[in-house]
Amino acid sequence: MSSEKLLPRLLKDLSPHEGGMTRLLGRFVRAESPSFDRAAVNRLGRMVAAEWRRRGGRVRFLPGVAKGPARDKRGDHVRAEVWLGRGRPAGQILVLGHLDTVYDLGTLATMPFRVAGGKAFGPGTLDMKDGLVMALYAVDALRRLGERPARGLVFLWTSDEEVGSASSRKALEAEALRSEAVFVLEPSTGPNGDLKTARKGVGMLELIVAGRAAHAGVNPQDGVNAVHEIALQIARLAKFNDPRRGISVHAGVIEGGTRSNVIPAHARALVDLRVTKLSDARAVEAKIRSLRPILLGAKLEVRGGISRPPMERRMSESLFRHAQSLAREAGWKLGGSFTGGGSDGNFTAALGLPTLDGLGGVGAHIHSPDEYVLTRSLPERAALLAALLATI
């Protein structure tokens with residue numbers, strides 16, 4: 001079906017559903033789902049799955065890979081598949097989002113879901129339970145208007161995006177490799193709802209130093225000060241920063257020592273690494289891994305690395321231009337943005353899949369007590385998503 005004036009038609013269809021979308025958002029927000037609480041995430045996952053089944057979706061639960069103690073087990077991931085066309089689909093489109101939030105159980109007591117002044121407040125309203133709602137209503141609108149996308153639609157809602165996607169990465173990458181394009185329902189940027197067309201890659205490294213203990217007053221010469229060694233290494237790391245290239249290396253946590261009168265035998269530092277280009281990611285990580293001890297007798301170990309590769313602009317360009325052309329039908333001026341934070345879109349873009357991020361709601365203050373989404377953006381962004389799904 002032609003995409004001519006498609007977005008205005010979708011907007012007209014979805015605008016009356018702002019209230020229903022807001023109510024469903026309230027249900028999802030009240031189902032608290034912190035990343036580290038498997039049972040809580042699974043409760044929300046079952047709610048989301050039930051909504052997809054009501055719409056004729058084929059739903060599967062993909063178990064999170066359990067690592068470490070029981071409290072670190074991840075919840076199940078929810079995969080919903082919808083086919084609105086006739087015959088056989090010409091491939092598939094993947095829509096990504098996540099069930100988990102950064103808020104602990106009980107946060108609702110001090111941060112309840114509420115609607116005021118056209119804003120819906122509450123834990124996870126913008127990041128990203130609004131995206132869960134938008135996807136459902138986007139499919140509803142396509143069905144009501146008789147739009148038949150050429151490709152099958154696969155929606156993958158993961159349980160651990162906020163904590164690194166360790167248990168979902170394999171599944172989402174496998175799904176992406178079967179797809180023609182990937183849309184990510186993370187929050188948009190700024191008051192105009194700019195899409196996210198590029199993201200920095202993110203890594204965490206741990207530097208561990210082993211020294212030798214001694215009395216700080218009696219025989220300091222017999223010791224090897226692990227804290228001094230870690231400080232010297234951090235000074236080295238600071239030289240790896242290159243703002244012009246978008247490379248940042250920052251020590252965020254330092255631990256070491258036991259008493260002020262003891263030469264410390266152990267120290268460690270956690271280092272945040274962010275890069276704009278995949279080639280820089282490999283180069284900077286290699287430089288950090290090549291560090292050697294400075295103090296005689298010290299031993300240095302480097303663990304970790306890049307956990308999310310960068311999402312480079314070239315992987316979003318074609319989809320972004322297409323989204324802009326659709327937006328012009330409705331008189332919107334749709335911008336693009338670059339962010340230093342990562343999402344699951346980083347993984348799919350690094351695989352070479354066209355990926356467009358930031359298709360979620362318009363709002364502000366994610367991961368804070370003031371997080372909100374503009375309720376008018378719920379049908380607007382659902383309409384944009386639906387138009388993209390119908391025309392790719």
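Predicted model: local features only at pLDDT ≥ 70, side-chain atom pairs only at ≥ 80, totals over all residues.
The secondary structure of the protein chain consists of 10 helices and 18 strands. Its radius of gyration is 24 Å, close to the 21 Å that the globule rule gives for 392 residues, so the chain is as compact as a globular protein of that length. The C-alpha trace spans about 85 × 45 × 40 Å along the principal axes. Of the 392 residues, 53% count as buried, and the chain exposes about 16,900 Å², of which carbon and sulfur atoms supply 53%. Among contacts with a separation of 6 or more, 80% are made by residues 24 or more positions apart.

Attention now turns to a sheet. Strands of a sheet pair through backbone hydrogen bonds, either parallel or antiparallel. Here, four strands in the order β4-β5-β18-β17 form an open sheet with antiparallel pairing. Its edge strands, β4 (114-116) and β17 (363-364), each pair on one side only. Two bridges join β17 to β18 (residues 372-374) in the antiparallel sense, and Ala 364 stands opposite Tyr 372 in β18.

Helix α4 lies across β5 (119-121), β17 and β18, and runs at about 50° to β18. The helix comprises 20 residues (125-144); at 1.5 Å a residue these should span 28 Å, which agrees with the 26 Å between its end C-alpha atoms. Because 18 of its 20 residues are buried, α4 is largely enclosed by the rest of the structure. After α4 comes Gly 146, which has a positive phi near 75°.

Key. Residues numbered from 1 in each chain as written. Heavy atoms only, no water. Expected span 1.5 Å × (residues − 1). Buried < 20%, exposed > 50% of the residue type's maximum accessible area, 1.4 Å probe, protein only. Pairing = 2+ DSSP bridges. Contact = heavy atoms within 4.5 Å. Axes fitted to C-alpha atoms, helices over the stretch in contact; angles between N-to-C directions. Rg over C-alpha atoms; globule rule 2.2 N^0.38 Å. Areas by Shrake-Rupley, 256 points an atom, 1.4 Å probe, with all protein chains shown as cover.
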